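Here are some short notes for a first look. Please read them with the structure open.

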Amino acid sequence: MYYVCILDMQILNGGIYQYFSNYGNSYNSEIIIALKTLNQIELASSFEEMCELTAKKFDEAEKSFKNFDNWYYSRNMQKSMDMYLKEYIIKNLTVFQTN
């Protein structure tokens, strides 16, 4: 949940470039695994593509970053990442309960 929240907060605050500016590639693998755990396969795949673009100069990746942001924002308007997290927690409630 932590990694998905980092990604979501950064993108909603300033786009995918904001995420990479603040975190670099520190959590990429963890975020991809977390997104797949939430069954957000398309988002995980798109995020992986953005990760690969970080090796390029910003001006070469800027259009792809903006396209990703626009796609993410429109997707978020339909259903927020908070809703996906809530559904996952409810579905897996026993994992989050303590004895």
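1. Start with a pair of helices. This is a predicted model. In it, the axes of helix α1 (residues 2–14) and helix α3 (residues 28–37) come within 8 Å. They cross at roughly 105°. An angle of 65 to 115 degrees counts as roughly perpendicular, so α1 is roughly perpendicular to α3.

2. Which residues make this contact? From α1 come Y3, V4 and L7. From α3 come E30, I31, A34 and L35. Six of the residues in the contact of α1 with α3 are nonpolar and one is charged. No polar residue takes part.

3. Next, the cysteines. The structure holds zero disulfides. C5 is in no disulfide, and neither is C51. For C5, the nearest cysteine sulfur is that of C51, 17 Å away.

4. C51 has 13% relative accessibility. Buried means under 20%, so C51 counts as buried.

5. Last, look at S46. This residue lies in helix α4 (residues 41–53). What does S46 touch, leaving aside its neighbours within four places in sequence? S46 is in contact with F68 and W71.

How values were computed:
Residues are numbered from 1 along each chain as its sequence is written. This is a predicted model: local features need pLDDT of at least 70, side-chain atom pairs count only at pLDDT 80 or more; totals for chains, interfaces and linings use all residues. Side-chain values use heavy atoms; hydrogens and water are left out. Helices (H or I, at least four residues) and strands (E, at least two) are DSSP runs, numbered from the N terminus. Contact means heavy atoms within 4.5 Å. Axes are lines fitted to C-alpha atoms, for helices over the stretch in contact, and angles run from 0 to 180 degrees between N-to-C directions. Angles under 35 degrees count as roughly parallel, over 145 as roughly antiparallel, 65 to 115 as roughly perpendicular and the rest as oblique. Ala, Val, Leu, Ile, Met, Phe, Trp, Tyr, Cys and Pro count as nonpolar, Asp, Glu, Lys and Arg as charged, and the others, Gly among them, as polar. A disulfide is a pair of cysteine sulfur atoms within 2.5 Å. Buried means under 20% relative accessible area, exposed over 50%, partly exposed in between (1.4 Å probe, protein chains only).
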